[in-house]
Amino acid sequence: MSGRAPQYTEFHPRWYRRKMSTYWWVGKRQHLLFILRELTSVFVGWFVVYFLMLIGAAARPGGYWAFLEWSMHPALVLINAVSLIFVVYHAITWFNLAPRAMVVHVGGKKVPPSFIAASNYGLWVVVTAAIAYLLLR
Amino acid sequence: MADTVTLKVTRYRPEVDTEPSFQEYQVPRQRDWVILDALNYIKDNLDGTLSYRWSCRMGICGSCGMTVDGEPKLTCATFLVDYPPEVVRVEPLANFPVVRDLVIEMSDFMEKLPRVKPWIVTESGQERPLAEKEYRQTPAQLDEYKQYSMCINCMLCYAACPVYGLDTHFIGPAAIALAQRYNLDSRDQGAKQRREVLSQHEGIWGCTFVGECTRVCPKHVDPAGAIQRYKLSSAIEELKSLLMPWRAR
């Protein structure tokens, strides 16, 4: 061997390069679930807009009841029902991710991932119950 | 159990073919055979021109990764009998250029890997003198990174990752998991140097957490987990340097 650095081939015209199809996410269940999860952001965005509209309506005299009436339109009920399904899916995937991203040590010991997931779900249930209590009492 | 199974194998001979095609081979469907055994049977008995990589046959060398029935697999750890008795498809790993038949070109990864400095980095840049004795590490400190150290660079995670498939600038699951292997090592001081590479869009932020890398990893490294964990610590560091610029390291 000479002392020269080896020369690597940067580009080889005979390599076969495959391209991913635009519909790569259709064929596999895991990919489809991933794309659906990405799509949930649209519905999360819609709920934010809907909530802001509700606050805007409540600030006007009589606006709150008009808003509720508008919300009872079947098309809007359908949109919100579908949105709820997607937002719940979003929340579940988020809580399942939490123990992967968070590694917590208490007293020099690693907290088990299942405990982190369970505490996230627990907090979700508590907050949901508290809001439900405020709204439905 | 059927006596033979058809192996539908990708052939690509760059000197004659413009694109890959499938070739079918009849191989014995032995209970104790892995896909690699069947390929070796073809090579030894049916067609000596078939090209593929392999070495250790025991899930350590990481050479024999291929796509089996659409899934990235180590062919030395994938049994024939776990597939339908009629036809099993064997293709090269996805997302990499094909050199020949089942052989892929992985110099893209070999160029990316050293960018994350997957070795112990010291602040001084010097090894500590031998007189100071060895670096001590407790079992708990070892546990912090051991999982990530199991990576064998088999490229299954890159083949499974649609982010890498769509944009090869993404530094990729294994490289980030290996960066975390050293970031979490109590002997290492190179986290800041690695952050410059990892905190880019082509680093961790390119990952959209499809999670396929973790599902296909034969060594249970959990690269997806490593990336999400690093996203959190990188965001915290970023916030810290924004709120306390005087403390920015």
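Q: What counts as a contact between two residues here?
A: Two residues are in contact if their C-beta atoms, placed from the backbone, lie within 7 Å. The model itself is predicted.

Q: With that cut-off, which residues is B:Cys157 in contact with, leaving aside its neighbours within four places in sequence?
A: Its partners are B:Pro173, B:Ala174, B:Cys213, B:Val216, B:Cys217 and B:Pro223.

Q: What is the general idea behind a nonpolar core, and which residues of the largest one touch the most other members?
A: In soluble globular proteins, nonpolar side chains tend to be buried together. The largest nonpolar core in this model holds 64 residues. B:Leu156, B:Cys157 and B:Ile176 touch the most other members.

Q: Which helix gives the most to this core?
A: Helix H6 of chain B, residues 173–183, does, with seven residues.

Q: Where does this core lie relative to the domains of chain B?
A: Domain 1 (4–104) and domain 2 (107–247) of chain B both give residues to the core, so it lies between them.

Q: How far apart are the C-alpha centres of these two domains of chain B?
A: The centres of domain 1 and domain 2 of chain B lie 31 Å apart.

Q: How many residues of each domain are in contact with the other?
A: On the domain 1 side of chain B there are 13, in contact with 12 residues of domain 2 of chain B.

Q: Which elements build the domain 1 side?
A: In chain B, strand E3 (65–68) and strand E4 (71–74) are the elements that give two or more residues to the side of domain 1 that touches domain 2. E4(B) gives the largest share, three residues. By class, this side of domain 1 of chain B has seven nonpolar, five polar and one charged residues.

Q: E3 and E4 belong to a sheet. In what order do its strands run?
A: Read across the open sheet of chain B, the five strands come as E2-E1-E5-E3-E4, with mixed pairing. Strand E2 (21–28) and E4 of chain B stand at the edges with a single partner strand each, so one side of each is left without a neighbour in the sheet. Neighbouring strands are turned by 35° against each other on average, direction ignored.

Q: In what sense do E1 and E2 of chain B pair?
A: Strand E1 (residues 4–11) and E2 of chain B pair in the antiparallel sense, over eight bridges.

Q: Which strands does helix H1 of chain B lie across?
A: Helix H1 (residues 35–46) of chain B lies across E1, E2, E3 and strand E5 (87–91) of chain B. H1 runs at about 95° to E2(B).

Key: Residues numbered from 1 in each chain as written. Chains lettered and ligands numbered in written order. Predicted model: local features only at pLDDT ≥ 70, side-chain atom pairs only at ≥ 80, totals over all residues. Core = buried A, V, L, I, M, F, W, Y, C linked by C-beta atoms within 7 Å. Buried ≥ 20, exposed ≤ 12 C-beta atoms within 10 Å, placed from the backbone. Helix = DSSP H or I, 4+ residues; strand = E, 2+ residues; numbered from the N terminus. Domains from an automatic or database assignment. Nonpolar A, V, L, I, M, F, W, Y, C, P; charged D, E, K, R; others polar. Pairing = 2+ DSSP bridges. Axes fitted to C-alpha atoms, helices over the stretch in contact; angles between N-to-C directions.
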